[in-house]
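Student: I would like to learn how to read helix packing and residue surroundings in a model. Can we work through some cases together?

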Amino acid sequence: MATSLKVNGTTHSTPAEPDTPLLYVLRNDLFLVGAKFGCGLAQCGACTVLVDGRATRSCVTPIGSLGNAEITTIEGLGTLDKPHPLQQAFIDEQAAQCGYCINGMIMKAKELLDQKPQPTEPEVRQALAGHLCRCGTHNRIVAAILRAGKQIGDKKPLGKQTGRL
Amino acid sequence: MNAPILTRRSFGKAVGGLVVAFSLDPAEILAQGAGKPAPLPGSLNTNRSLRAWVRIGGDGNATVSTGKVELGQGILTALWQIAAEELDLPLSRVKIYSADTALSPNEGQTAGSQSIENSGTALRFACAEVRGMLVDLAATKLAVPAGSLTVADGVILTADRLKVTYAEAVAGLDLDKEATGKVAPKPVTAYKIVGQPTPRLDIPGKVTGRIAYVQDIYEAGTVHGRVVRPPRYGSTLEKVDDAAVIKMPGVIKVVRDGSFLGVVAEREEQAIKAREALAKAATWKLGPELPDPANIHAHLKSLPSTDSVLGMKQGPAPAANARTLEASYTKPYLSHGSIGPSCAVATFLNNRMIVWTHSQGVFPLRNELAKALKLPAKDIRCMHVEGSGCYGQNGADDVALDAALLARAVPDKPVRVQWMRDDEFAWEPYGAAMSMGLKASLDAEGKIADWRYELWSNTHSMRPESTDGTNVLASQYLAEPQMPGPAKGIPQPAGGGDRNAIPLYDFPNQKVLHHFIPDMPIRVSALRTLGAYANVFAIESFMDEMAALAKADPVAFRLAHLKDPRAKAVIEKVAVMSNWKAGEAGSLSRGRGIGFAKYKNLATYVAVVADIEIDRASGKVRVAQAWAAADSGLIINPDGLRNQIEGGILQSTSWTLYEQVRFDKSGIQSRDWASYPIMTMPDVPKVTVELINRTNEPSKGAGEASHGPAVAAIANAVANATGKRLRDLPLDAERVKAAIG
């Protein structure tokens, strides 16, 4: 039986079984390859997407559990031509070495900035505590998120929780 | 992105384009000339055709090739800068194409921080020569002397502003010839692109979810493979009752060849489920037990070794009553810990194998695959696409054979195999465990009079083609097993386990003894820095111990034993950056230490100062801040260099404070991130890096240069904070707590 999913504003149908982790459907059926397989155990964060605005580990989230939830992937934030301020900030800070973890860093940061547009540096570090980076790019990642926060925060009143940009 | 973007569509084209019109096999090109060819700069020496490196299109734009691969270290961007600089083209008119056995120069492995030296030098000379050829063609066309022409942005100009564009000059260009290496590259003073902080080519695609990794490659009809590895090394598959597995949804085939066991399914999640079921259905005859982890270092030392003496210096004998210290240090097995498990996509089509791989060496991998698959190398094409950061040999080569074995069983179908987390942790080849023994004595002036150093280590390279035999994991488990040949050391001066074992300090008497242990109870190969991380940890820790014995300040003590002005300069610089104060006492709330090395004794100089704090209750060490001064000679991309130096410090901090591969006699126990913890974001130190740009010195690799100085600075800071010297890595909470009580 096909399952419907609402991803980046569009409804898709997948033949995958309801117990299939969302990650494989995104990557292999919808060709949204931004979310990465890192561990399949919700330990590293590379597979993170937003489900109704909440950062969610897609590697352990069965599609059958999602109902009508709004799923947002990194492709839904912005594009090469029109990057989201977070994506642009990662480019400006050159905040990647191998970059495999960066999807998760950006998606978790999106959740954070939606809740708190101008977080402090310790708040950013704490928010990313469950996201592993192996290349040692941590400090640039934090700098990129602070930069994006500043840019986004400057454009809207502080404390307003919009859920999306 | 400027680098070739792999699309779902272009994969099909690439498959169709397997038959290539020309060969770049260096042996073939060499065979065309008689006698021994004159040496050429960098990798031009082994890939002598200009066309292997540079092609100019009808539009006057350039495509350059390198045999080196992007590993997240930014190498393609740096090489791209070098090529554009010498071609006098803007970056936007140069494309760079990386490692493909059908199309690129064979530069072996991308390893040892040598890409700038080898590939960068080759591109510099090849591009300078091609630019010269274009200028000559324009001179003929304009009937003016070539020397009177200048070039800017691909336009060749006479003094009175007559011009010929590259697009106009290219018609007569013949690149099917050997490079001469005789056209001088630009002087550094003329550089416009090299030396500038150039944004990386690959980052925009990576932050917007574009296809950027081998993990992302997919073509219509792609099927998914997974492998079932044994419970531990050397086990044999006695039987597998796969009847139920074959009936599982989507399963196309269970593939068994001896003790190699895998499954191919239509969908990825189906392959993963089938793997789990297949693992339960398999019965193994277990291989030998692993050594007892409690005695691993003693066990390794008890194995036969090949011994060599290095760095021997014999001066006046030290006094009989000289103050002497002796100490031993150890380093555990470390995992590469790539965030993304290894992956490959293979297609077996018309008896040819096409493999997309994140191997660090597509040519060596191709030759290993040829042996394992019993196919001629010419019928195998390996194409590099980035993977997750590897930091040495992770499962990249092994998964390529896994994918090829599965692809051979289901011809015409692209088979994508990604290792599961436990495959990567339990089966990748680790960085070797090491033991280091030191003894030194002081002369009457408090300087080191005699230095004795011994180290025990397995090999640090079992990469494809680094030994005889076959060096990809699954080949050992086939019905007709192919085993790797005996491990070989890497000769000095670069060295393997003995990398950086010879101190850069000036001691009148010195002896370094390397015990190379060929037998490997636990699978090991190259991990970033090879032996340098452990050797610099031991040497630099012991330098602090000797400084304390001499009642000298660690910075002054190091400077007093160094002659090399570039070494002194990085130490002096980092001391200023960190506001180092001689003789400062440490406490649990702040300990401070310094570490220094010249990587491989051949490449980048780095000195690091670390400030640490220790939680008394748990013993947990946190590095609060680190400062680094680095000298890599001429800097190509300062931002890329900073990123590498800082990344190395942070990775080394994680290795040093948290990491060791857990195992017991039954097998490897580190199988996920809970059983192999690494540093997380809240514990990451602030890092300040300053670079010394020496425009008259050759550019040296920096990708591995800061790990050794960082571990040493942290270890010395822990000693400064606690008053106790911890000589066994990692300096984890348990060990530190035991030391401080």
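Predicted model: local features only at pLDDT ≥ 70, side-chain atom pairs only at ≥ 80, totals over all residues.

Tutor: Residues are numbered from 1 along each chain as its sequence is written, chains are lettered from A and ligands numbered from 1 in the order in which they are written, and side-chain values use heavy atoms, with hydrogens and water left out.

Student: At what angle do helices H16 and H17 of chain B pack, and how far apart are their axes?

Tutor: Two packed helices are described by the angle between their axes and the distance between the axes. Axes are lines fitted to C-alpha atoms, for helices over the stretch in contact, and angles run from 0 to 180 degrees between N-to-C directions. Helices are DSSP runs (H or I, at least four residues; strands are E, at least two), numbered from the N terminus. Here H16 (residues 638–658) and H17 (residues 707–722) of chain B pack at about 50°, with axes 8 Å apart. H16(B) and H17(B) are therefore oblique (under 35 degrees is roughly parallel, over 145 roughly antiparallel, 65 to 115 roughly perpendicular, the rest oblique).

Student: Which residues of H16(B) and H17(B) meet?

Tutor: Contact means heavy atoms within 4.5 Å. On the H16(B) side, the residues include Gly648(B), Ile649(B), Trp655(B) and Leu657(B). H17(B) brings His707(B), Ala710(B), Val711(B) and Ile714(B).

Student: Is Asp423(B) buried or exposed?

Tutor: Buried means under 20% relative accessible area, exposed over 50%, partly exposed in between (1.4 Å probe, protein chains only). Asp423(B) is buried, at 2%. Asp423(B) sits in helix H12 (residues 421–427) of chain B. Beyond four places in sequence, Asp423(B) contacts Val227(B), Arg229(B), Arg275(B) and Glu428(B). A polar atom of the Asp423(B) side chain lies 2.9 Å from the backbone nitrogen of Met420(B).

Student: Which side chain does that of Thr73(A) join in a polar contact?

Tutor: A polar contact is a pair of N or O atoms within 3.5 Å; within protein, one must be able to donate a hydrogen and the other to accept it, and residues adjacent in sequence count only if both atoms are side-chain atoms. The partner is Glu75(A), at 2.7 Å. Thr73(A) lies in the loop between strand S5 (70–72) and helix H2 (74–77) of chain A. Thr73(A) is buried, with a relative accessible area of 2%.

Student: Where is Ala127(A)?

Tutor: Ala127(A) is in helix H5 (residues 121–127) of chain A. Leaving out residues up to four places away in sequence, Ala127(A) touches Lys108(A) and Leu112(A).
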